[in-house]
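Please consult the sequence and the structure shown here while reading.

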Amino acid sequence: MRKLLIAGIIAGTAFATSTFAAGLVPLNSDSEPDRVAWFDMSAKFGPVPKPADGMTAGAVAKTLTNEYWRLLGDGYAKGGERLGLKVDLQAAQSEGDQLGQLSIAETMISQGYKVLLVSPQTDANLQPAIEQAAAAGIPVVNVNDAVIPSAEHYVGNVQRDNGVRAARWFIKNRPDGGKVAVIEGMAGVYAAVQRTEGFKSTITGGSSKFQVVASIPGNWDRQLSYDAAATLLQQHPDLIGFYCNNDGMALGVVEAVKAAGLLGKVAVIGTDGISDAYASIRAGELTGTVDSFPVLTGEVAVEAALRILGGQKLPRVVATPQALITKDNLGRYYGDGVDLRAVLAEDAKGN
């Protein structure tokens, strides 16, 4: 029965009713006009309201096998400690365990949490929990990177811009153009769709220098991405680079590039900014990553949750930062004594 329910949601029959009943159009977090930048919240809304004694938030991650979601959890803990809100984090066993993640969210609703921070595996799998939370008067914050169409509150970066930034790197650094390929995330997930579209439309827009010869789902999986890249490198020995929708997949692609003896010739850009990606960048293997700063995102999500609980009328989207980081500019973001918040705020105001 539950599988049939999720299938119905994916088909669009369930969330449309709840979305329009709430007076909300289906959320597109990249283009939603009702938004505020993360660094502007204090100026626009004042101090963060203090939580009541003993108040606890529930957080549901995609999985903890991917370091990105562990780092987001670190941000929840760091933000909660600073602002006085305890955050309990749970996650599904894998990034494909949609029912397990839904079960975690539904259980949290029954356990008295005052707010939920959720990172759904797909745009649809947590919709039943969203409806239950609404009925119970529990606010929910959708935190990266799948987007629940009926979400009233979303914290995350502009997903399309991840791909745009990667494409601009190729345009600037490979001016003669050439063949490129995309390793996508899970098919149909908002973030994967937006990142891929942003890359493709930017790298081919107005120019015939670049050709996207393949765009293949890697399902966030490192081994699948290695296999796909190995095949593509055989089919297209003149390939000049890959854009990957996350760093785990990018690291699999790097291994395929190394096995083919093409390190230094085939560029690989990932997305997320996990520590293994930075180790690979420092080693001269991974070309770069579009870092979406998950620790900071987690902190911002906790702040947004407390503002919502305190009755502040936040915009529907709180936009968090991102930056394409390579070996050349790594020190700007992670050098000794760097104030990352100040650097990112400067970036944002300069764009």
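The account below covers a pocket, the cavities and a helix pair, in that order.

**The largest pocket**

The model is predicted. Its largest pocket has a volume of about 830 Å³. The lining comprises 37 residues, of which R165, A323, L324, N329 and Y333 are the closest to the centre of the pocket. Helix 7 gives the most, with six residues. By residue class, the lining of the largest pocket consists of 17 nonpolar, nine polar and 11 charged residues.

**The cavities**

How many cavities of 30 Å³ or more does a search of the whole structure find? The search returns two. The table sets out their volumes and the classes of their lining residues.

| Cavity | Volume | Nonpolar residues | Polar residues | Charged residues |
|---|---|---|---|---|
| Largest cavity | about 50 Å³ | three nonpolar | two polar | five charged |
| Second largest cavity | about 30 Å³ | eight nonpolar | one polar | one charged |

The largest cavity is lined by K62, N66, Y68, W69, E95, D145, R195, W220, N246 and D272. Around the second largest cavity, the lining residues are V141, H153, Y154, V155, A304, I308, L314, P315, R316 and V318.

**The packing of helix 4 with helix 12**

Two packed helices are described by the angle between their axes and the distance between the axes. The crossing of the two helices is right-handed.

On the side of helix 4, the contact is made by Y68, L71, L72, D74, G75, Y76, K78, G79, G80, R82 and L83. Helix 12 contributes P294, V295, T297, G298, E299, A301, V302, E303 and L306. Taken by class, the residues of this contact divide into 10 nonpolar, five polar and five charged. Y68 has a part in two of the features described: this residue belongs to the contact with helix 12 and to the lining of the largest cavity.

Terms used:
Residues numbered from 1 in each chain as written. Predicted model: local features only at pLDDT ≥ 70, side-chain atom pairs only at ≥ 80, totals over all residues. Heavy atoms only, no water. 1 Å grid on protein atoms, 1.4 Å probe; cavity = no way out; pocket = protein on both sides within 12 Å on 5 of 7 lines; lining within 4 Å. Points joined across faces, edges and corners; volume = space filled by probe spheres on them. Helix = DSSP H or I, 4+ residues; strand = E, 2+ residues; numbered from the N terminus. Nonpolar A, V, L, I, M, F, W, Y, C, P; charged D, E, K, R; others polar. Left-handed = near helix turned anticlockwise from the far one by under 90°. Contact = heavy atoms within 4.5 Å.
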